[in-house]
Amino acid sequence: MTSFTPAELGRRIGSGLLSFPVTHFRPSDLAFDESAYRDHIARLSAYETGGLFAAGGTGEFFSLTPGEVEQVVRAAARTAPESTPVLAPAGYGTRTAVEFAAAAERADADGILLFPPYLTETGQEGLARHVEAVCRATSLGVIVYSRANAVYTADTLARLADSCPNLIGYKDGVGDIDTMTRIYTRLGERLTYIGGLPTAETFALPYLELGVTTYSSAIFNFLPDLALEFHRAVRERRHDTVVKLLGDFVLPYTTIRNRQPGYAVSIVKAGMTVTGHGAGPVRPPLTDLTADEHDELAVLIEGVCGPGAPAAPAAP
């Protein structure tokens with residue numbers, strides 16, 4: 001049973017950095033390594049965040065079976081502190097997304113991140129019906145993820161905000177300033193706004209001015225202190241600190257990330273290995289970084305952390 005009403009969840013999500021943990025796989029057979037995953041969640045739980053999104057994009061939702069998604073979410077919900085809301089993914093076709101929503105409740109999740117419908121393109125009316133069906137099927141708070149073939153307009157979100165009381169958030173994976181401005185102007189504080197572009201730190205400061213108070217940080221997986229310091233600097237509008245961290249780490253990191261499609265996940269798992277907390281390989285169709293790229297990332301991490309990257313403190 002969730003500890004958060006949808007309204008409470010929306011406020012909590014917007015209050016701090018969002019954790020998007022990787023999903024651990026065994027190198028031998030690529031099976032889910034629940035023990036290692038729970039250790040990772042416990043390690044990250046030593047830090048205060050606005051929420052934890054289990055089996056999300058960084059968690060390779062697209063490569064997990066429905067049963068594995070439920071297993072991952074349940075493991076996160078049972079390991080994370082009660083004060084940290086855990087959100088589960090839903091996606092693919094509408095009926096499948098509804099089933100994922102039911103699974104999220106069984107796994108004791110506190111909310112849902114609704115991914116775009118699988119493969120097919122559709123208009124705003126179809127997207128609205130898709131979201132409405134999922135929101136009607138659950139009492140949990142729902143966040144829509146706008147990206148790829150599911151880009152929501154301000155008019156559609158306003159309709160959904162009226163028809164779906166448990167719609168609490170909008171995650172932007174597009175980066176269209178005009179659209180974001182129209183959405184925030186139209187809906188104001190009705191929704192919580194989340195930055196969801198790959199390596200969201202790159203866009204965090206300008207997006208703050210558009211009402212996007214938080215974002216999903218993949219870097220938090222392996223450099224939690226740096227990720228939290230960056231988020232604090234953004235919220236406090238310490239421009240010099242933000243620019244320095246961008247130059248010292250974030251932008252060189254994105255240079256490696258941009259070399260291959262799918263590296264937005266692969267580079268995070270490489271970072272986990274470099275910092276001594278390996279999470280196993282990515283599953284196909286993704287590919288891991290090359291040995292040279294792995295070494296390049298290690299040098300970059302050492303540059304901001306000194307020799308030997310720091311490990312997270314022990315969970316309380």
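Strand 1 and strand 8 run parallel to each other and are joined by two bridges; strands count as paired if DSSP finds at least two bridges between them. Helices (H or I, at least four residues) and strands (E, at least two) are DSSP runs, numbered from the N terminus. The model is predicted, so local features need pLDDT of at least 70 and side-chain atom pairs count only at pLDDT 80 or more, while totals for chains, interfaces and linings use all residues. Residue numbers start from 1 along each chain as its sequence is written, and side-chain values use heavy atoms, with hydrogens and water left out.

Within the pairing of strand 1 and strand 8, Leu18 has Ser216 of strand 8 as its bridge partner. Strand 8 also pairs with strand 7 (residues 192-195), again in the parallel sense and over two bridges. There, Gly195 is bridged to Tyr215 of strand 8. Which way do the residues of strand 8 point? Thr214 and Ser216 point one way, Tyr215 and Ser217 the other, and all are buried. Buried here means under 20% relative accessible area, exposed means over 50%, and partly exposed lies in between (1.4 Å probe, protein chains only). In a regular strand the side chains alternate between the two faces of the sheet.

Strand 1 (18-19) is also one of the elements against which the buried residues of helix 2 pack. Helix 2 covers residues 34-44, and its buried residues are Tyr37, His40, Ile41, Arg43 and Leu44. Seen down the helix axis, these buried residues fall within an arc of 160°, so they line one face of helix 2; the arc is taken from the directions from the helix axis to the C-beta atoms. Besides strand 1, they pack against strand 2 (51-53), helix 3 (66-79) and helix 11 (263-274), with contact meaning heavy atoms within 4.5 Å.

Helix 10 (residues 239-257) contains Thr254. Thr254 has a relative accessible area of 9% and is therefore buried. Its side chain reaches the backbone oxygen of Leu251 at 2.7 Å. Leaving aside neighbours within four places in sequence, Thr254 is in contact with Thr199 and Thr202.

The cysteines come last. With a disulfide taken as a pair of cysteine sulfur atoms within 2.5 Å, the count is zero. Cys164 is in no disulfide, and the nearest cysteine sulfur, that of Cys135, is 4.0 Å away. Cys164 counts as buried because its relative accessibility is 2%, whereas Cys305, at 27%, counts as partly exposed.

Technical notes
Polar contact = N/O pair within 3.5 Å; in protein donor to acceptor, adjacent residues only side chain to side chain.
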